[in-house]
Amino acid sequence: MMVWIKRIGKVILTLLLALVFFLLLLYRNDISREEVDQKYATPQSHFINVNGQNVHVRIMGEGDPILLLHGSFSSLHTWESWQEELSPYFMTISLDFPGHGLTGPDDLQRYSIKDYSHLALTLAENLGLDKFHVAGNSMGGAVALQMASTRPDKVLSLNLIDASGAPMPSIRSLDEEEESQGQGLIFRLTSNPIFSKLLLKCTPKFLFAMNMKEVYFDSDKITSDKIDRYYELMLRDGNRQATLDRLSIPREYDFDFDVVKMPTLIMWGKEDKWIPLKQAYLIENAIPGSHLVVFEEAGHVPMEELPTETVAEYLSFLGVEIRKDYIKGPNYLTHVY
């Protein structure tokens, strides 16, 4: 009997040592703000104090302003291609929300949809923008909706791209409730009390590769540079803790679809695994006169995956005439009233 106990003890000890060794392999220190800034800031980058927070903002172009709002776990880099194409016609302003990108954590933990909406509206005020267009993806779409609900007099138009915040049916199933909360792997891990603590120090890069395969339809478009960027910006000093803090707070927002009467374009990737297409129809029904475009070969971030096709559609929505040979036959379905 004692022999078996010793053998079982050795097996358990071996497994524990293997686990410790594995975690040591995954251990990653935070990357300093200076190092991340040096690598990912550009000549168009500005750090603007907004409500006591040093916000990373990228401004390109001149003309009517467009605010570009990124999604959860992302950064303003998601709009790089769009800013290049929009800036000949408009002033484009992208920003890293607190807890993301080069902005980093907020000491006051102002990470709710309402907080982000207030920050974006204050940024616009600080920049002297009286009125502006707003485009938002995923969480950024919810922020755009909150801005339009709070200050409809400021928002010239809305562009909601695979946006969260769709109104729920009066009678809804458990599956519909789960879909509305985001069911990506990264959300499930960060909501687990054990894994969330481990991710603070043991953050594997392969997790970000898996995450991108969930949000992209065509995995061939996922480059090592993109994976490195998402990974290193998450490791920016304080961003991992900020992410856990952000996901632990209640989803505070207050949409009033009755006042959202500005021109609205809704874009959606048909193959979105995070926020399914039926959420797009709920938003479309909630905003009378809105225009829905569904891109067949795209996932959760069509502006990254199909930048040329999506920005051409957005430019057309904004009234910019595009040459017929500007793009090669985009593959999308359009709903027209």
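Reader: Why does Thr78 count as buried?

Author: Thr78 has a relative accessibility of 4%. Buried means under 20% relative accessible area, exposed over 50% and partly exposed in between, with a 1.4 Å probe and protein chains only, so Thr78 counts as buried. This is a predicted model, in which local features need pLDDT of at least 70 and side-chain atom pairs count only at pLDDT 80 or more, while totals for chains, interfaces and linings use all residues. Residues are numbered from 1 along each chain as its sequence is written, and side-chain values use heavy atoms, with hydrogens and water left out.

Reader: Where does Thr78 lie, and with which residues is Thr78 in contact?

Author: Thr78 lies in the loop between strand 3 (65–69) and helix 3 (80–86); helices (H or I, at least four residues) and strands (E, at least two) are DSSP runs numbered from the N terminus. Apart from neighbours within four places in sequence, Thr78 is in contact (heavy atoms within 4.5 Å) with His70, Arg229, Tyr230, Met303 and Glu304. Met303 is 225 residues from Thr78 along the chain, yet 7.6 Å separates their C-alpha atoms.

Reader: What makes Asp37 and Arg33 a salt bridge?

Author: The N to O distance between their side chains is 3.5 Å. A salt bridge requires a side-chain nitrogen of Lys or Arg within 4 Å of a carboxyl oxygen of Asp or Glu, so the pair of Asp37 and Arg33 qualifies. Both residues belong to helix 2 (residues 33–40), and because they are four residues apart, about one helical turn separates them. Asp37 is buried at 16% relative accessible area, whereas Arg33, at 37%, is partly exposed.

Reader: Why is Glu252 called partly exposed?

Author: The relative accessible area of Glu252 is 40%, so Glu252 is partly exposed. Glu252 lies in the loop between helix 11 (239–248) and strand 7 (264–269).
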